[in-house]
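Here are a few friendly notes to read alongside the model. Please keep the structure open as you go through the points.

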Amino acid sequence: MNAIELQGVVKRFGKFTAVDRLDLAIPKGVTFGLIGPNGAGKTTTLRMIMNITKPDEGTITVLGQPMGEALQQRIGYLPEERGLYRKMKVVDQLLFFAAIKGVDRETALKRLSPWIDSMDLRPWLHKKTEELSKGMQQKVQFLGTIVHDPEILILDEPFAGLDPINVILVKDFFTEFKRQGKTVVFSTHVLEQAERLCERIGLLYRSKKLLDGTMREIKNAYRDRVPLPPPVEPEPELEKIFIKVVQESGLAAPTAEELR
Amino acid sequence: MNRKLLIVVRREFLQQVRTKGFWIATFLIPAIGLAIVGVQILLNRSLDAKGRVAVVDVTGRLYDSLVAEHRTRGSDGEKKKDEKASARSDSLEFIRVDATAETLPGIRKKLNADVQAERLKAYLVLGPGTLEKGTAEYRAKSVKSDFIMREQIAGWLSRAATKERLRDKGVDPALYEAARVRADLDVREAKDVETGETGKNVGYNIAVSVILFFLIYGSLFAWGGAVMRGVLEEKNNRIVEVIVSSVRPTTLMLGKILGIGCAGLLQYAIWTTLAVLVSTPAVVALMGVVDAPRLPVSTLVAFVVFFILGYFLYASLYAAFAAPFNTEAEAQQLIMIPMSFLILAATTWFFAFNDPDGKLALILSMIPFTSPLIMFMRITVQMPPLWQIALSVAGRVYRVGILMYGKKPTLPEIFRWARQAD
């Protein structure tokens, strides 16, 4: 069964058509990348899947049902424009997110506890959000997205504005979710990320879908039509080097203050 | 949906109530109100006549009479009731200056110098005209000031001259005093069973209504503004999109309005409690206030009801007008349009109060923007449920507006959102 299905979806803003007759099928359990330049219609598409805005035409089916309010509770959504209440304590904020997703206090704290520890968030739980570094705030936002243990995760440009440590963190999230058999849909305009993380992609350009399928299918289809890159000697990735250097330095792991 | 609404209401309420500003305002506003009343009382005392006023009595008959009137009567012309009042107005001193028609010019010259040097506050010249037509000269350094004192002196002089004129006609002035009666309207509602309360303390009732009226007026501005800031904060923080991914925008807006409104009601409850405490017999006796003021329950109920009605209307407008914009300044420009109606109500309340069933009051209470306030003045509950319409239209504008960033939308665009179903 498909986790998400779009059929003939159209969204207009006045005279401008933001999404034009979009058909899309995302199977359960895959990591799907919605790629394309800024203004291609990625955010509008994700918002429609999330039932924040409604399509002018077409149907959206999620987990076999027409998208509606009840289904919102089964999806975790991290918008590109993400924020927190600055004056609220971190723990109150997380419990507020849990509450509007219908998760009670105890369940929420129990579920988040391992994450809070692995993210070094515990000392910050009773601080006001405005006292946290940007990186710390992003961690809180991620926790807010998964507090209700969603079956589907929709992330709009999840890597935008993240420092290297948090990029690794988000990738860990992806791995963990995949291991649990959950569906992850994210948008990005950085093609390398999509290439490395996704099993399937869809390409949006000027409100239209130009391409979709599994990464393998697409690569096979275009094998003879685009020039291949020159063979490269395998070399260590900078990210791995960074982690190694930090570990070998014998210094403490980077703190939130340093990543501010 | 109801559960989510409650969660949003709770968050908004706690966010307001947990600020220091809320508690400062809650206790400072009544304190300032009391301070203003106190200053008024003090200032009223300063209205009493004081200073040295020379009296040049060319007729030779009016001076003693004038001084006697001043001694026996308070500043309002009524007979003084107690010693305290007479001690107060004794700060005005009349000085007799004898003169004849021949010596008058020289005396004038000297008195003018005294007034200019502020040895005298003013001087009066009473001549034959005073007895015939009631005209008298009053000369002071400035003709603009002391108008209350001038009225008082004119009152005493009128009575003094009247008595002298009666004497000329062969009537004993004591008869005038004995015969004179001051009419007083006993105002009550036309009912077969008259209650003692109605009509009593009319001045006090007006004062209470006016104070409550301006409390509603101030609250609508203050809490409406809080709604606007809340909407803009969520929008500028970009948190709104996270929330509308699990809460309907209209639920979020309604929750915000209700939550902030609850904070407003809590403030009102505290004020009401304070007011009731202050007017309990024990406290009243303690403060030595004689004519114990009492808030009629119906007034209190109307007060809360009209705050709620007005708040819903204006808060939803504030939410709708804030949602399309990114800064408070941009939103304020538009919100001034409905707000001017509120100001209209605040500037016309007196007429509505004087004639609660008159045309003006009727018209203003029909205009939805002014009705909560004017209706409160009329205390006749027939509020059209327009705030409900306002709420739904505001919801549509809000829903679209909160996700719009960047370019400032035009008024036609906002109206288009209001018409859109989605």
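1. Chain A's secondary structure amounts to 10 helices and 10 strands. Please bear in mind that this is a predicted model. Of the 260 residues in chain A, 41% are buried. If you take the chain A contacts between residues at least 6 apart in sequence, 71% of them join residues at least 24 apart.

2. Now to where the two chains meet. On chain A, 19 residues are in contact with 15 residues of chain B. Helix α3 of chain A (residues 90–100) gives the largest share of chain A's side, with 3 residues. Sorted by class, that side of chain A holds 9 nonpolar, 4 polar and 6 charged residues.

3. The crossing of α3(A) past α5(A) is right-handed. From α3(A), the contact uses A:Val90, A:Gln93, A:Leu94 and A:Phe97, while α5(A) supplies A:Val140, A:Leu143 and A:Gly144. This helix contact has 5 nonpolar and 2 polar residues, and no charged ones.

4. Which residues touch the most other members of the largest nonpolar core? In this core of 112 residues, they are A:Leu94, A:Ile154, B:Val227, B:Tyr318 and B:Ala319. Helix α13 of chain B (residues 297–322) contributes the largest share of the core, 16 residues. Leaving aside residues up to four places away in sequence, B:Tyr318 touches B:Gly224, B:Gly225, B:Val227, B:Met228 and B:Ile335. Another core, of 23 residues, lies apart from the largest one and includes B:Ala49, B:Ala54, B:Val97 and B:Ala122.

5. Most residues other than glycine have a negative phi. A:Arg21, which is not a glycine, has a positive phi near 40°. A:Arg21 sits in strand β2 of chain A (residues 16–27), and it counts as partly exposed because it has 15 C-beta neighbours inside 10 Å.

6. You will find A:Asn51 in the loop between α1 (42–49) and β4 (57–62) of chain A. Is A:Asn51 buried or exposed? With 22 other C-beta atoms within 10 Å, A:Asn51 is buried, since the cut-off is 20 or more.

Definitions and conventions. Residues numbered from 1 in each chain as written. Chains lettered and ligands numbered in written order. Predicted model: local features only at pLDDT ≥ 70, side-chain atom pairs only at ≥ 80, totals over all residues. Contact = placed C-beta atoms within 7 Å. Helix = DSSP H or I, 4+ residues; strand = E, 2+ residues; numbered from the N terminus. Nonpolar A, V, L, I, M, F, W, Y, C, P; charged D, E, K, R; others polar. Left-handed = near helix turned anticlockwise from the far one by under 90°. Buried ≥ 20, exposed ≤ 12 C-beta atoms within 10 Å, placed from the backbone. Core = buried A, V, L, I, M, F, W, Y, C linked by C-beta atoms within 7 Å.
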